[in-house]
Amino acid sequence: MQWLPSQLLRLLLRTLHALWSSLAPTCSRWWVPPGRRGRALAPSPVPVSVNYHFTRQCNYKCGFCFHTAKTSFVLPLEEAKRGLRLLRQAGMEKINFSGGEPFLQERGEFVGKLVQFCKQDLRLPSVSIVSNGSMIKERWFKRYGEYLDILAISCDSFNEEVNVLIGRGQGKKNHVENLQKLRKWCQDYGVAFKVNSVINTFNVGEDMNEQIKVLNPVRWKVFQCLLIEGENTGEDALREAERFVISDEDFEQFLHRHKDVSCLVPESNQKMRDSYLILDEYMRFLNCVNGRKEPSRSILDVGVEDAIQFSGFDEKMFFKRGGKYVWSKADMALEW
C-alpha cells in the first residue's frame, strides 16, 4: 500500500498525540518552571499543609500585616470547595483558614461552612483557623466547633496599650480579655487552643511567661516580624512595617527569655519566608522567594500540580521547622 504525504502526516500526528497522552501525567509531575531550570529535576511537592487566605479584609490595622486588604474578593462557596477538593486529591492533610479576618465574611458562617466541609466531606485530619478573635461568638462553637481541630488567636502583647499601638485593637474591646474568653470556649467545645505572636519593636522586651503558662495553649507560635514587598513595605504597600522590624539578635533574646515555655514554637524570618504553602483569595499559590508575593495561576484553572511548581515552597524547611506535628485534635489530650 502506498501512503500519500497527507496520510503519513496524519498518522504521525496521531502517534505523537497518543504518546503525549500516555506521558503527560508523568511529565507534568516533573516539569520545571523557567525560573527553576538548570537545577536538578525534582517532583512537585505534596501540599500536605496549606494556608488558604480566602479574604484580605480585616477589622484590625496591625502595622506589620503582610497580607493586607488589597482586594475585597472572596470566591463563591462552591468554587472554594472545588479548590479544596482538588487539594485533598493532591495529598493535603491540613488546611488552615486565614485572612484578613476569616470571621468577617458572613459573620463567620462562610468559614464555618468551609471548616465543616473539610472535616465532614473531605475527612481532613486537621482543620484550623487563624483569627484575631474579635468577632467570634459562642454560637459559632455550638454549630461548628466539632469540625475544628485548632483555633489560633493572634495576640502580640498582654499589655492592652501595646496592642493598641500595634493596631490590634477595636474601640472599647479588650483584646486580652477576649483572648481569655475564647480560650474557655475552646475548652468547653473541644477545640485545641493556640496563640500566635508577632515579635516586633513594641513587644520585644516584654516578658510573657506567666500569661502564656496560664493560658496553656497547645502551641505558642512566635514569629519574627517579616517584611514583604508590596504588602507591608515598598511604594505600593498598604503598610509601612519598617518601624516594627527587629534584629535577629533581639528575636533570639526574646526566645531565650521564654525558653522554659514548653509550647513555644519559634519562627525566624529565615524559617518562615519559603516554608509555607500560601493560597490567596483566587486560590493562587504565593511565591515569596524574592521578598514579595508573586502569584501562580489559580489551581481552579490549571490544577494543583501545575500551580504548585510556581509556589517557591521549600519542602525541606517545612519539615525542618516542624511544620508537620500532631495537628488532629483526635490525637491530642485536650485537657488544659
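The secondary structure of the protein consists of twelve helices and ten strands (DSSP runs, numbered from the N terminus: helices are H or I with at least four residues, strands E with at least two). This is a predicted model, in which local features need pLDDT of at least 70, side-chain atom pairs count only at pLDDT 80 or more, and totals for chains, interfaces and linings use all residues. Residues are numbered from 1 along each chain as its sequence is written, and side-chain values use heavy atoms, with hydrogens and water left out.

**Exercise 1.** Determine which residues of helix α8 are buried and where they lie around the helix.

*Solution.* Step 1: in α8 (residues 248–257), F251, F254 and L255 are buried (under 20% relative accessible area; exposed is over 50%, partly exposed in between; 1.4 Å probe, protein chains only). Step 2: viewed down the axis of α8, the buried residues fall within an arc of 100° and so line one face of the helix (the arc is that of the directions from the helix axis to the C-beta atoms). Step 3: the face turned away from this buried side carries the exposed residues E249, Q253 and H256.

**Exercise 2.** State how far strand β5 is enclosed and which strands pair with β5.

*Solution.* Step 1: eight of the eight residues of β5 are buried, so this strand is largely enclosed by the rest of the structure. Step 2: β4 (residues 150–154) pairs with β5 in the parallel sense over five bridges (pairing requires at least two bridges found by DSSP between two strands). Step 3: β6 also runs parallel to β5, joined by six bridges; here V198 has F223 in β6 as its bridge partner.
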